[in-house]
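Open your viewer, switch to a cartoon view and keep the selection tool at hand.

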Amino acid sequence: GATITDTPLINGYGYRSLVNANIDSNGISSMKVRAYGYESGQGTIIQCRDGSICDLECQGTACKRLDFMCYAGSQCNVVCKKSHDQNARTDCPVPQTSASKQEDYKLDQYLKEKQNEEMDA
């Protein structure tokens, strides 16, 4: 997947458009990620760093299996919308948050373990 840093607005409108991407605010003041395409954010990792306000908008299955990591000193917001098909399910991620540098380390360890598991699969 792609690596995207220091980008205030990221749009994933197409089918699987952000699959396995690594998106990192890298401390910019604000970052918005829009995942609207079918399974567009599957396997994507979003890292909201200290000093950043990060907004994630999901529609339908766009955020299925997406990790939203919120480090100490950041603020994360998630808005989930139903797809156009009202009977379809909506996948809405819960941000993993940290309140200290020690907890930041735990988030980083989680990501390393996840990446190792995917490489072994």
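Which cysteine forms a disulfide with Cys 80? Select Cys 80 and Cys 92: these two form the disulfide, and their sulfur atoms are 2.0 Å apart. The term covers a pair of cysteine sulfur atoms within 2.5 Å. In general, such a link is a covalent bond between the sulfur atoms of two cysteines.

Before moving on, a word about what you are looking at. This is a predicted model, in which local features need pLDDT of at least 70 and side-chain atom pairs count only at pLDDT 80 or more, while totals for chains, interfaces and linings use all residues. Residues are numbered from 1 along each chain as its sequence is written, and side-chain values use heavy atoms, with hydrogens and water left out.

**Stop 1: the disulfides**

Stay with Cys 80 and Cys 92. The torsion about their S-S bond is about 85°, so this disulfide is right-handed. Cys 80 sits in strand 8 (residues 75-81) and Cys 92 in the loop between strand 8 and strand 9 (96-97), so the pair ties together parts that are 12 residues apart in sequence. Strands here are DSSP runs of E with at least two residues, and helices are runs of H or I with at least four residues, both numbered from the N terminus. Cys 80 is partly exposed at 27% relative accessible area, and Cys 92 is partly exposed at 44%. Buried means under 20% relative accessible area, exposed means over 50%, and partly exposed lies in between (1.4 Å probe, protein chains only).

Next, select Cys 70 and Cys 76, which are joined by a disulfide with an S to S distance of 1.9 Å. Here the torsion is about -125°, so the link is left-handed. Cys 70 is buried at 3% relative accessibility, and Cys 76 also counts as buried, at 19%.

Now pick Cys 48 and Cys 54, whose sulfur atoms are 2.1 Å apart in another disulfide. That link is right-handed, with 90° about the S-S bond. Cys 48 is buried at 0%, and Cys 54 is buried at 1%.

How many disulfides are there by this rule? The count is four. With bonded cysteines counted along the chain, they follow the pattern 1-2, 3-4, 5-6, 7-8.

**Stop 2: strand 4**

Select residues 30-35, which make up strand 4, and show the side chains.

Two strands pair if DSSP finds at least two bridges between them. Strand 2 (residues 9-12) pairs with strand 4 in the parallel sense over four bridges, and Leu 9 stands opposite Lys 32. Strand 6 (residues 53-59) is also a parallel partner of strand 4, over six bridges, with Arg 34 opposite Glu 57.

**Stop 3**
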